Amino acid sequence: MCGIIGYIGYQNAADILLAGLSNLEYRGYDSAGISVMTNGCIQTIKSKGRLKCLADKIESYGKPQGACGIGHTRWATHGEPSDINSHPHYTDNVSIVHNGIIENYLELRKELSEKGYTFTTQTDTESVAKLLDCLYNGDPVQTLASAIQKIDGSYALGVLFKDHPDTIYAIRKDSPLLIALGENENFIASDMPAVLQYTKRYILLEQNEIAVVKQSSVSVFTSEGVPVIKEVHTANWDISKAQKDGFDTFMLKEIFEQPRALHDTISPRIKTGIPTFENDGIPADYFSKFNRIKIVACGTAMHAGMIGKNIIEQLARIPVEVDLASEFRYRNPILYPDDLVIVISQSGETADSLAALRLAKSQGIATLGVVNVTGSSISRETDHCIYTYAGPEIAVASTKAYSVQMAVMYLLAIHLAFIKQTVTAVQAKNLTSSLVTAAQLTRQMLTLDEAMEERAKDYVNAHSLFFIGRGLDYCMSLEGSLKLKEISYIHCEAYAAGELKHGTISLITELTPVVALATQEALIAKMISNIKEVHARGGSVFMLAKDGMPVDTSCCDHVATIPPVEDLFTPILTVIPLQLLAYHTSLLKGCDVDKPRNLAKSVTVE
Ligand code: F6R
């Protein structure tokens with residue numbers, strides 16, 4: 001949420017900042033701005049709207065000539081998207097870009113107003129710019145250290161001080177920020193895709209560390225001013241993975257990357273035919289001590305957790321609860337010493353998921369992360385982390401990250417079942433081989449692209465849609481419905497098919513299309529009855545079924561099928577047509593598929 005970039009080196013900073021912001025725009029796109037050091041002054045240009053508006057403004061004002069600057073792309077929290085509320089926020093002496101929320105900004109404003117400062121924006125960030133100005137004593141590190149004592153909330157800050165034209169200063173707490181190390185140039189960035197075209201080497205800042213970034217050196221200090229030696233990491237993502245690669249949108253590219261992402265996530269974790277996590281640094285007997293599992297996550301990641309609950313309970317007979325992180329953290333959850341809390345997160349930075357993790361840790365409960373972004377806060381703070389290997393996910397709507405989160409849930413379920421001896425070694429091997437087969441069959445699912453484009457034509461003018469299913473298909477209905485609504489802005493609801501007649505069926509009319517997921521052989525008779533109930537009320541039905549299953553298709557208008565895998569593994573395949581359906585509906589409606597309105601990737605505020 002909000003993207004930060006900073007550049008100090010030998011090239012034109014404005015060019016580098018704009019290029020970096022275009023790779024960070026998925027973190028927010030309400031407005032954008034840059035500040036560049038030019039001839040001893042800080043020149044700031046900012047604009048409401050997409051990055052193109054900023055680029056046009058820079059073009060018309062004349063490009064700032066300087067090699068040191070900071071930039072920002074905003075997802076508005078405090079104050080509407082407008083030129084004035086855009087970052088950077090500045091005074092004569094200092095300019096800052098900020099990601100996070102300053103919780104005590106009203107107190108700061110009051111205190112600073114009493115000292116003669118005036119405020120012109122509705123943002124929380126302006127209070128920090130003015131606080132730094134007020135505290136400034138000629139020493140930026142001391143100034144930032146003093147500011148840390150006065151600010152409550154979350155922040156990643158990139159800062160320019162007019163008196164130090166060859167340096168960018170950076171601090172972070174509970175919001176992501178890294179320092180990327182180039183040749184005779186250095187960067188600050190919210191994440192690596194912003195700078196991958198220049199370097200793969202980076203260092204991570206711990207809470208409240210202060211970075212002093214110059215053209216040919218980077219120093220880091222604690223908030224007490226003590227120098228810190230930092231480890232240099234190398235990103236394993238290359239730039240092509242963060243580009244569209246010939247696809248029109250990131251979302252379509254990422255949907256098509258799923259067979260590769262599943263293979264990369266599953267295959268290194270299979271040893272002698274059974275999943276193990278030893279390469280993830282997790283001891284072979286680690287999971288045997290847990291008698292209950294809590295899965296905590298948000299949005300799509302939470303839907304992967306629901307699949308996890310179903311399959312872990314079925315295979316390993318361990319009770320699993322799934323919680324929305326935003327609810328878990330505030331409901332004083334009951335946790336026992338033999339619980340394992342699993343936090344699933346693509347970005348590894350989602351504020352609520354991170355807070356839920358910290359809550360579990362504060363009670364001494366064992367924690368495990370399932371995370372895509374290497375070095376992210378959740379991956380660093382959990383006791384153990386299983387990385388998913390989706391590669392960078394740029395489209396705001398999650399697709400490939402969801403599939404690999406599910407894959408890890410399957411690996412865990414089979415591993416747990418084996419060590420808890422609810423399945424034999426032979427059964428565990430058969431289950432693992434079914435998982436591998438399902439993952440390979442995803443390639444075949446991509447051929448449904450055209451068919452889903454056809455189906456999407458039925459939905460572009462719909463006001464409301466229902467997704468229904470039972471068991472694992474219900475979990476998939478939730479994900480299919482979220483995907484469609486978030487990128488096409490059509491209202492959708494997901495319902496457990498057996499629950500419809502307890503109230504919601506009154507909403508079904510001939511104007512309410514229904515997507516019925518019917519891939520579970522064990523539940524098909526019940527599911528067909530539910531489909532008939534909606535069909536009888538006029539709702540047009542598109543059924544997603546499984547090849548070879550005896551299905552009465554007279555109750556639906558259209559059918560598509562997935563290959564005949566066991567019931568347990570259908571979600572790996574079902575998700576692809578659902579993603580394609582959402583994609584084409586959004587495209588046909590003329591929406592911005594990769595950057596849906598009001599949303600941003602990586603939700604680093606509550
Ligand atoms: C929906 C989507 C979101 C995220 C959610 C959690 O397509 O992407 O619902 O799944 O914001 O994000 P992470 O996984 O980064 O914690």
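This is a predicted model: local features need pLDDT of at least 70, side-chain atom pairs count only at pLDDT 80 or more; totals for chains, interfaces and linings use all residues.

Student: What is the distance from an oxygen atom of the ligand to the side chain of Glu486?

Tutor: Look for pairs of N or O atoms within 3.5 Å. For Glu486, a side-chain N or O atom is 2.5 Å from a ligand oxygen. A polar side-chain atom of Ser347 is 2.7 Å from an oxygen atom of the ligand, and for Lys483 the distance between a side-chain N or O atom and a ligand oxygen is 2.8 Å.

Student: How much of the accessible area of the ligand does the protein cover?

Tutor: Compare the ligand on its own with the ligand in place. On its own, the ligand has 410 Å² of accessible area, and the protein covers 87% of that.

Student: Where does the ligand sit?

Tutor: The ligand sits in the largest pocket. That pocket has a volume of about 730 Å³. Its lining has 33 residues, and those nearest the centre of the pocket are Cys298, Gly299, Thr300, Ala600 and Val603.

Student: Which elements supply at least two residues each to the lining of the largest pocket?

Tutor: Both α8 and α15 do, as do β20 (339-345) and α10 (351-362). The lining of the largest pocket divides into 14 nonpolar, 12 polar and 7 charged residues.

Student: What volume does the second largest pocket have?

Tutor: Its volume is about 380 Å³. There are 30 residues in the lining, with Asp191, Met192, Trp237, Val373 and Thr374 closest to the centre of this second largest pocket. Strand β11 (201-204) and helix α11 (377-381) each supply at least two lining residues. By class, the lining of the second largest pocket has 13 nonpolar, 10 polar and 7 charged residues.

Student: How many cavities of 30 Å³ or more are there?

Tutor: A pocket is open, whereas a cavity is a space that the probe cannot get out of. The count here is 1 cavity of 30 Å³ or more. The largest cavity holds about 60 Å³ of space. Its lining includes Cys2, Arg74, Trp75, His87, His98 and Asp124. Strand β6, residues 94-102, gives the most to this lining, with 3 residues. The classes in the cavity lining are 7 polar, 3 nonpolar and 2 charged.

Student: Which residues does a cis peptide bond join?

Tutor: Check the omega angle of the peptide bond. Between His87 and Pro88 omega is about 0°, and the bond is cis. Pro88 lies in the loop between β4 (68-74) and β5 (89-90). His87 is also one of the residues that line the largest cavity.

Student: What is phi of Asn184?

Tutor: Phi of Asn184 is near 60°, a positive value in a residue other than glycine. Asn184 is in the loop between β9 (178-181) and β10 (186-189).

Notes: Residues are numbered from 1 along each chain as its sequence is written. Side-chain values use heavy atoms; hydrogens and water are left out. A polar contact is a pair of N or O atoms within 3.5 Å; within protein, one must be able to donate a hydrogen and the other to accept it, and residues adjacent in sequence count only if both atoms are side-chain atoms. Accessible areas come from the Shrake-Rupley method with a 1.4 Å probe; for residues, only the protein chains shown count as cover. On a 1 Å grid over the protein atoms alone, a cavity is a set of points where a 1.4 Å probe fits but cannot get out, and a pocket is an open set with protein on both sides within 12 Å along at least five of seven lines; lining residues have an atom within 4 Å of a point. A molecule sits in a cavity or pocket if more than half of its atoms lie within 2 Å of its grid points. Grid points are joined across faces, edges and corners, and a volume is the space filled by probe spheres set on the points. Helices (H or I, at least four residues) and strands (E, at least two) are DSSP runs, numbered from the N terminus. Ala, Val, Leu, Ile, Met, Phe, Trp, Tyr, Cys and Pro count as nonpolar, Asp, Glu, Lys and Arg as charged, and the others, Gly among them, as polar.
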